[in-house]
Amino acid sequence: MSGERYDHREAEPRVRARWAAARIDATPDLNRGDARPKYYVLEMFPYPSGRIHVGHSRNYTMGDVIARFRRASGYDVLHPMGWDAFGLPAENAARERGGHPDTWTRENITQMKQQLQLLGIAIDWDREFATCDASYYRWQQDIFLHFLEHGLAYQGTSKVNWDPVDNTVLANEQVVDGRGWRSGALVETRELRQWFLRITAFADELQDGLRTLERWPERVRTMQANWIGRSRGARLTFALDPSTPAPAGIEGIEVYTTRPDTLFGASFVACSVDHPLIQALRPRADLDELKRRVDQLGTSQEAIERAEKLGVDTGLRVMHPFVAGRTLPVYAVNFVLMGYGTGAIFGCPAHDQRDLDFARRYDLEVLPVVLPPGADPASLVIGDEAHTGDGTLFNSDFLDGMDPASARQAAIARLETLGAGQGTIIYRLRDWGVSRQRYWGCPIPVVHCGTCGAVPVPRDQLPVLLPTDVSFDQPGNPLDQHPTWKHVACPKCGAPAVRETDTLDTFVDSAWYFARFTNPDFEGGPVDPVAAARWLPVDQYVGGIEHAILHLLYARFVTRAMHHCGLIDLPSGEPFEGLFTQGMVTHETFRAPDGTWLFPQEVEERGGTMWRRGTDQPVVVGPPVKMSKSLRNVVDLDHFVNAYGADVARIFVLSDSPPDRNVEWTPNGVDGAARFVQRVWSLVADHAGPSPLKGDAAPDGVGEGRALELRRFAHRTVRAATADIDGFRFNKAIANLYALVNEIRRDGPNDDALTWARGEALELLLRVLAPFAPHLADAAWERLGQPGLLAAMPWPEFDPSLATDDTVTLPVQVGGKKRAEITIERGAPEDAVIAAALQAGDVQPWLNGQTPRKVIVVPDRIVNIVM
RNA sequence: GCGGGCGUGGCGAAACGGUAGACGCAGCGGAUUCAAAAUCCGCCGUAGCAAUACAUGUCGGUUCGAGUCCGACCGCCCGCACCA
């Protein structure tokens, strides 16, 4: 043992310099003759929020492992990086600390880029851009104009959270318990003119396309399908009962339902407080009060749905379409939204939980019409739970005896005959409101003219640049308050007009950046058709599960819309062929007696409990949660890399936990990874004697004994670890490498054969380790005197004859419990396996001398003797 | 509230429906050391001297065989359209 230590402070920068000189991160030239199959790896680009911590590193490390693995496996790899740089936090920072959002953002980008480089992530930085670069958002404005021309962008109105004290629109995140986060004022709801993108035009395609995404997690596809929410149902109109007083001009209420089969169980009709009928009845004290309460909930769906179900009886009644003389009360309620369906529903309490809760509260009739299987129609009582499952229709006239699915058809047919309604398909998905009343975003390229209306900014006048001289000392949108910026001549008639002061939702920025990466300098349009055709779709996209719905759906939509406008040629419309959703890095939280959060380096353990470092203050330790600056449970990347090295961070965040699950950052786990690095190094430093690494021929004896065992183990490890990387089981790949290190270190005869086998195993180890711990692997390669860079070498191959054993050990079960093991030739015929199993000594006592009823043999896996 | 997911030793985990606990951490014992750190070797689900029994959030089901499939429940996590 030489005792030589691996010095990451010396090795990591040196190895990175060698990579840089060899340009291992460069994207291969499109036009070269010997192009290989392409592979586009992309991590969701980050919001430049400040310094990164070790928690951020996991996403990029995973992408880097994939990129390095694919590069070695013979692909032309594109692995770019950029910055999702517009958004609220920069504006908040400007308001709180002064300065300009642009300055704050650029400083963060500089820092984060350095830190990513420190981690050794092999990114082609030549393609870097930030969404706040005018050279990027200029093309986004161009895309917006195309959408406008194709009817995919339009103006409408929608509700926003309004802070009456700050006179500003609040994000849902900025509404805390119904109050503005800064002012504390009760939030109001306002209806504003806004820009929308017509995502609903692609609802069917977006839903159907999910079926083709075979390399997406099933749960993400399910969530998106539910979000789009295509449903078949019926629109029908309940005619107002002429004997009740109705507002002039309103003769009926149109509702949408997915359950026309339950129409005979209807006991009320419920309208949104914003429904035209309810508006026509106002002002009226009880309705006004309900409207006020609804408005105070804000616009978030969660708040609305969690609120207690409330309603006001309008006093109006409507007539049942199927039953002459039967009328239903009409309520205004707080749980029906104007934006979904027709803004009105009929309630069938027996078969819908929400309707049942409402009916119980207001003492409305509960009439079951679907009889659960096996239930008795005479004694069936609906308690606190609605029956939403299958059954047989009863109490339902012409539908009696049908199952719900047929009853739906029959009810729709009858409605259509009566002229009272028709079958239809609707979507839960709403058009995408992209207007934001904020400064730090992409300006919407439109001018509002008193005579010409909304006029697109001519293409030759793009980009509409954000003004830099803005002030954040007053609330509201700085663009709106800017003294000159918005005042321009109408592009059409030349009369004085004003610019649109709304900017685009930052989800628009991230909905097409992956396409721009294929040629970020292209001047002929948003996307270079040649480069996009070469590189798209992204072969492997990596990011957090929190983006399962919105970001991914918007990107799928924009890709289709761009294809529709001829901006991109991607008939599938699917930008991401493979998707992997990674888990977060978590850490315990620490809290001082006075309630302030403490950084991990501010606490220490003494006598089994945690104390504030150097004091006698006890520390409250909280459970591990996602690393975040606000809770201070973060480990700074620069400090960590200085102390342990980038590779220890890389190994740690990928070992221990499956990549799609969270991993808890612990000091002990870090030490384990650091120990592994040193073990690898000592194997390298101590390697001497005959070795394939020096070109020595295999000595006699490598085909037997320990040498053969080690060779088999090493080749098996390459096979398993390769499959693990390919299948995103990075934790298992690393566990296999740990096991290989243990195996190389195991005692054995001190002979040339084993020494040579160790050299072979060491080479295979380093080559498979290279994507995970690239600095260590290349430094070790150099230390072994090998020429060139591991980072540029092809992926190692294993010898199938060594990776497969010719005997297998089978467990023998009796009655499903393991009683013995037999070792037998791989692929032995079934009767030989049965004979060996029945003769096994440990099996005999369990047979009691009887003949088994049955013996189940799973070839090369298991034997089960059934008595 | 609605939609989606997860739950296995003291801890992170592994396990094509086929030997539950690979690999790592912690712990325990030993070697080395004047001593400690580091390093190395061994043990390590629970009960039991052992044979064995019991163990994958809880309860039930399918199967020769269930951590894995099905149903109900409990707990935690993600999303809910203006955080990114």
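Helices (H or I, at least four residues) and strands (E, at least two) are DSSP runs, numbered from the N terminus. This is a predicted model, in which local features need pLDDT of at least 70 and side-chain atom pairs count only at pLDDT 80 or more, while totals for chains, interfaces and linings use all residues. Residues are numbered from 1 along each chain as its sequence is written, chains are lettered from A and ligands numbered from 1 in the order in which they are written, and side-chain values use heavy atoms, with hydrogens and water left out.

Let's start with the RNA. A residue is near the strand if one of its heavy atoms lies within 4 Å of it. RNA strand B is surrounded by 63 residues, and the closest are Asn 172, Arg 436, Arg 438, Lys 732 and Asn 864. Helix α22 (residues 730-745) contributes the most to this surface, with six residues. On the RNA side, 63% of the atoms within 4 Å of the protein belong to sugar or phosphate, and the rest to bases.

Asn 731 has a side-chain N or O atom 2.9 Å from a phosphate oxygen of RNA strand B, and for Arg 745 a side-chain N or O atom is 2.7 Å from a phosphate oxygen. Ser 435 uses its backbone: an N or O atom there lies 3.4 Å from a base nitrogen of the RNA.

Now to the salt bridges, each a side-chain nitrogen of Lys or Arg within 4 Å of a carboxyl oxygen of Asp or Glu.

| Pair | N to O distance |
|---|---|
| Asp 124 and Arg 23 | 3.6 Å |
| Lys 159 and Asp 274 | 2.5 Å |
| Arg 729 and Asp 724 | 3.1 Å |

How exposed are the partners? Buried means under 20% relative accessible area, exposed over 50%, and partly exposed in between (1.4 Å probe, protein chains only). Asp 724 is buried at 4%, whereas Arg 729 is partly exposed at 33%. Salt bridges with shared partners also join Arg 23, Asp 25, Asp 124, Asp 126 and Arg 127 into one network.

Lys 159 is partly exposed at 30%, and Asp 274 is buried at 14%. Lys 159 lies in strand β3 (residues 153-163) and Asp 274 in the loop between β10 (268-272) and α8 (276-281), so this pair ties together parts 115 residues apart in sequence.

Conventions: A polar contact is a pair of N or O atoms within 3.5 Å; within protein, one must be able to donate a hydrogen and the other to accept it, and residues adjacent in sequence count only if both atoms are side-chain atoms.
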